[in-house]
Amino acid sequence: MIELTGVSKRFTNGREALQNLNLTLPRGTLTFLTGHSGAGKSTLLKLLLRMELATRGQVSVGGVNLARMPRRAVARYRQRIGVVFQDHLLLPQRSVFDNVAMPLVIAGYREADRARRVRAALSRVGLLDKERQFPTQLSAGEQQRVGIARAVVNRPAVLLADEPTGNLDPTLSREIMGLFHLFQQVGVTVLIATHDLELVEGFGDRVVELADGRVLADSEEVDDGAHA
Ligand SMILES: Nc1ncnc2c1ncn2[C@@H]1O[C@H](COP(=O)(O)OP(=O)(O)OP(=O)(O)O)[C@@H](O)[C@H]1O
Ligand SMILES: [Mg+2]
């Protein structure tokens, strides 16, 4: 479970990107995070990744208060979180297989385990037959699916995405969102930041809208006490 309690984030330039934010994402749920440009969506994701620390309040993921996490534990913590970006940041000189395997190499998995897990992840996103190709040989949608395979290859408990469909047409975007739902169905907690309200509305998932660093609307206000 992800829990933000009274969270504010002020950057060193004085800019208050998040203001007294309260948000609970129960385990295994999928939530869309929307809001105008500059509303604080990416900042919220960065707090969850512990790329930034909250100025006030508490951010806890899986029962761990991120502010109290020792520095040496951060790398391992991040391995439990899958991340998907708009620009999938694939390595162009590496095959699809190698790109997806990267988190496993970093985590120190043995080669046989890596191959098994990479193929399981590629199969989930429907790209098993492309493992020997290079990113430039793939379509935009396929490249984004490689990014998703890489994000889930470690079987993370949490999957965060920042504008994952920003460069894709509506059909491909729906397909990518369909993949996120697959992971939710196997128990992953998914949070997707996106501008694309039209796309989001078709799914019937929880939508949290930020405006100027605050929650403006929440389609499914969750009672904090009920999901502890
Ligand atoms: N490192 C930083 N230093 C100072 N201000 C920052 C920093 N990162 C973000 N901000 C500011 O915080 C506010 C929230 O930014 P954020 O990137 O979270 O918005 P966003 O909702 O993701 O917007 P977009 O939809 O354009 O991606 C903005 O006003 C931004 O300028
Ligand atoms: Mg952003």
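**Working through the model**

Modeller: Please bear in mind that this is a predicted model. Helix H1, residues 41–48, is mostly covered, with 6 of its 8 residues buried.

Colleague: Which residues of H1 are buried?

Modeller: Lys41, Thr43, Leu44, Leu45, Leu47 and Leu48 are the buried residues in H1.

Colleague: Turning to the cores, how many residues does the largest nonpolar core have?

Modeller: It has 36 residues, and those with the most contacts inside it are Val100, Val118, Ile148, Leu159, Phe180 and Ile192. At least two residues of this core come from each of strands S3 (30–35), S7 (158–162) and S8 (189–193), and likewise from each of helices H3 (96–107), H4 (111–124), H5 (140–152), H6 (170–185) and H7 (197–201). There is also a second, separate core of 27 residues, which includes Leu44, Leu45, Val74 and Ile81.

Colleague: What is Leu159 in contact with, leaving aside its neighbours within four places in sequence?

Modeller: Its contacts include Gly82, Val83 and Val84, then Ala151 and Val152, as well as Phe180 and Phe183. Val188, Thr189, Val190 and Leu191 are also in contact with Leu159.

Colleague: Now the sheets. What is the order of the open sheet of 6 strands?

Modeller: The order is S6-S7-S8-S3-S9-S10, and the pairing is mixed. Strand S6 (81–85) and strand S10 (214–218) each have a single partner strand, so one side of each is left without a neighbour in the sheet. On average, neighbouring strands here are turned by 20° against each other, direction ignored.

Colleague: How many bridges join S3 to S9?

Modeller: There are 5 bridges between S3 and strand S9 (residues 206–211), and the two strands run parallel. Leu33 stands opposite Val208 in S9.

Colleague: Which strands does H6 touch as it packs on the sheet?

Modeller: H6 touches S3, S6, S7 and S8, and its direction makes about 140° with that of S3. H5, for its part, lies across S6 and S7 and runs at about 165° to S6.

Colleague: What about the open sheet of 4 strands: what is its order?

Modeller: That order is S2-S1-S4-S5, with antiparallel pairing. Strand S2 (16–25) and strand S5 (64–65) are the edge strands, each pairing on one side only. Strand S1 (residues 2–10) and strand S4 (residues 56–61) run antiparallel and are joined by 5 bridges. Thr5 stands opposite Gln58 in S4.

Colleague: Why does Arg94 count as partly exposed?

Modeller: Its relative accessibility is 40%, and the partly exposed class covers values between the 20% limit for buried and the 50% limit for exposed.

Colleague: What does Arg94 touch, not counting residues up to four places away in sequence?

Modeller: Arg94 touches Asn99, Phe134 and Pro135. The C-alpha atoms of Arg94 and Val105 are separated by 14 Å, the two residues being 11 residues apart along the chain.

Notes
Residues numbered from 1 in each chain as written. Chains lettered and ligands numbered in written order. Predicted model: local features only at pLDDT ≥ 70, side-chain atom pairs only at ≥ 80, totals over all residues. Heavy atoms only, no water. Core = buried A, V, L, I, M, F, W, Y, C linked by side-chain atoms within 4.5 Å. Buried < 20%, exposed > 50% of the residue type's maximum accessible area, 1.4 Å probe, protein only. Contact = heavy atoms within 4.5 Å. Pairing = 2+ DSSP bridges. Axes fitted to C-alpha atoms, helices over the stretch in contact; angles between N-to-C directions.
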